[in-house]
Amino acid sequence: MSRRNSGFTLLEVLVALLVFGLIAGAASRVASNYITGFERVRDNVLAGWLADNRINQLRLENALPPISESAEDQDYGPFRWRITTVVTGTAEPTMRRVEVIVAKYQNEQTEPFRVMSLSAFLGESS
């Protein structure tokens with residue numbers, strides 16, 4: 001009478017575990033890349049809105065902004081941001097170049113990291 005063994009051999013189990021491990025590792029990397037990409041896009045969108053808002057504030061003022069550099073911290077969304085506004089003169093005295101640099105504070109760091117900058121030209125209205 002022959003007795004038949006049923007079940008998996010140790011080698012088959014090890015191969016199955018290896019295949020599962022490779023698939024799980026690849027899925028983990030894909031998920032990590034997706035999350036990192038999502039965070040980068042989210043930060044760029046929020047920073048772009050902040051920069052647009054600052055430039056539009058300057059456009060709504062009655063006079064040209066003075067040549068200067070200023071920075072302010074602002075909470076926007078669930079994050080804290082530093083908005084730096086640099087106003088420089090141009091060859092045309094009735095125009096100014098404005099650069100808004102938006103940086104995001106990460107966790108409890110004292111210095112924010114730069115996310116984006118946006119430039120615009122403002123002129124006196126006739």
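**Notebook: helix α1 and its strands**

I looked up what the buried residues of α1 pack against (contact meaning heavy atoms within 4.5 Å), and found β1 (68–76), β2 (79–89), β3 (95–104) and β4 (113–123). Helices (H or I, at least four residues) and strands (E, at least two) are DSSP runs, numbered from the N terminus.

I note that this is a predicted model, in which local features need pLDDT of at least 70, side-chain atom pairs count only at pLDDT 80 or more, and totals for chains, interfaces and linings use all residues. Residues are numbered from 1 along each chain as its sequence is written, and side-chain values use heavy atoms, with hydrogens and water left out.

**Helix α1**

I then listed the buried residues of α1 (under 20% relative accessible area, with exposed over 50% and partly exposed in between; 1.4 Å probe, protein chains only). They are D43, L46, A47, G48, L50, A51, R54, I55 and L58. An α-helix has 3.6 residues a turn, so residues three or four places apart point the same way.

I also looked up Q57, which lies in α1. Q57 is partly exposed, at a relative accessible area of 43%.

**Nonpolar core**

Of its 17 residues, W81, V98, V100 and V102 touch the most other members. At least two residues come from each of α1, β2, β3 and β4, and α1 gives the most, with 6.

For V100 I recorded contacts with A51, R54, I55, I83, T84, T85, M116, S117 and L118, leaving out residues up to four places away in sequence.

**Strand pairing**

I counted 9 bridges between the antiparallel strands β1 and β2; two strands pair if DSSP finds at least two bridges between them. Y76 stands opposite F79 in β2. Their hairpin has 2 residues between the strands, and G77 takes a positive phi near 65 degrees.

I found β2 and β3 paired, also antiparallel, over 9 bridges. V87 stands opposite V98 in β3, and a hairpin of 5 residues joins β2 to β3.

Conventions:
Core = buried A, V, L, I, M, F, W, Y, C linked by side-chain atoms within 4.5 Å.
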